Amino acid sequence: MTETAATPEAEVLFTRRGRLAVATLNRPKAVNALTAGMVDALLRQLTEWAEDGSVGTVLVQGAGGRGLCAGGDIVAIYRDILRGGDDTADFWQAEYRLNYLISRYPKPYVALMDGLVLGGGVGISAHGSVRVVTERTRTGMPETTIGFAPDVGGTLLLAGAPGEAGTHAALTGAHLDGADALFLGLADRYVPSGRLDELTAALENETPEDAVGRFAADPPPSGLAGQRQWIDSCYDSADAEAIVGRLRAWAGDGSAEASHAADTIEAKSPISVKVTLASLRRVAGMPLDRALAQEYRVGLRFLAAPDFREGIRAQVVDKDRTPHWKPPTLAEVSPEQVERFFGPLGSRELDLGTGPEHGLKAAQQEEADYA
């Protein structure tokens, strides 16, 4: 028996196929960018499925063939910034609760990371237990391009990547392929895109381990893994200017790629680059709930800073691709400016909630373990 339900705007479709429950993000024209309504619908439905004994596996996928999810709806964020509203802060509260729920989901959570999987799309996939990429996957955390920093637990994911590969991915905002996602630890298995329908059908009756195992293939080599020498050497620093200097001075194999990385970093928002680097260095070893709380503090400070608004304007609204960053260079960003992004929020600290879907007891236990 198959049951289908949808949000009022049909932005997320929920389907039952035997013991398989499927959530399909359904904003194909926007490459399924997340809205507040989508996040709320996912929170409610995933909580219900977690408690439903007839559900054995949950699958999340994107409609339209272009990607799972291109991130959050940054045009909505831009409008909220202009009017000085609280919608974005509320959206992040719910989105981070969703990310945390996915990370501790009590049933297999299979994410089909086909096509574009950026920003918030990483948050609803890379925290899952079974993460599948394809030859079409293009993923990453491109936030420094729009004057922001990686969130949705992305700082923790990238800080845990081999060597300094996560630092390179975060500072440059690079789009990564499926093999790179596997190397970074953002995904588990590689399945050719032409076999995803067969995989979905198999999940109706098989465990994810068996089904994915049948359709998985050997991935191509990771280009990122092949550049470990210069990446690990150049990015091993907590000083963004030192990193850029090392990249420009690198004379071994990969010198052209290192020089290009330096150019890329210097074109990003300087405050975003420095805050992102500080975030990665601070987050290492944290449990996810603390990492999300740190990202929330940083995010609220970016809402009040000029570069986030300017980055969205230049890249998405006016599309002139000529942002005017303040300050305009890395050298002009002081340590004190960076430190202010991490200050306590008082009564505005991230609230992961008290309902069963928010895993409060688990969060409290992780807090105690970390302390």
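Predicted model: local features only at pLDDT ≥ 70, side-chain atom pairs only at ≥ 80, totals over all residues.
I number residues from 1 along each chain as its sequence is written. Local features need pLDDT of at least 70, side-chain atom pairs count only at pLDDT 80 or more, totals for chains, interfaces and linings use all residues, and side-chain values use heavy atoms, without hydrogens and water.

**Helix pair α8 and α9**

I looked up helix α8 (residues 196–203) and helix α9 (residues 208–215), whose axes come within 9 Å and cross at roughly 155°. The two are therefore roughly antiparallel (angles over 145 degrees). In contact (heavy atoms within 4.5 Å), E198, L199, A202 and L203 of α8 meet P208, A211, V212, R214 and F215 of α9. By class I find seven nonpolar, no polar and two charged residues.

**Helix pair α11 and α13**

I then took helix α11 (residues 240–249) and helix α13 (residues 270–283), which pack at about 100° with axes 10 Å apart. They are therefore roughly perpendicular (65 to 115 degrees).

**Salt bridges**

I find 19 salt bridges in the structure (a side-chain nitrogen of Lys or Arg within 4 Å of a carboxyl oxygen of Asp or Glu). R131 and D188 form one of them, at 2.9 Å from N to O. R131 lies in strand β8 and D188 in the loop between α7 and β10, 57 residues apart. R131 is buried at 10% relative accessible area (under 20%, 1.4 Å probe, protein chains only), whereas D188 is partly exposed at 34% (between buried and exposed, the latter being over 50%).

R282 also forms a salt bridge with E339, the closest N and O atoms being 2.6 Å apart. R282 lies in α13 and E339 in helix α16 (residues 335–340).

Definitions and conventions
Axes fitted to C-alpha atoms, helices over the stretch in contact; angles between N-to-C directions. Helix = DSSP H or I, 4+ residues; strand = E, 2+ residues; numbered from the N terminus. Parallel < 35°, antiparallel > 145°, perpendicular 65-115°, else oblique. Nonpolar A, V, L, I, M, F, W, Y, C, P; charged D, E, K, R; others polar.
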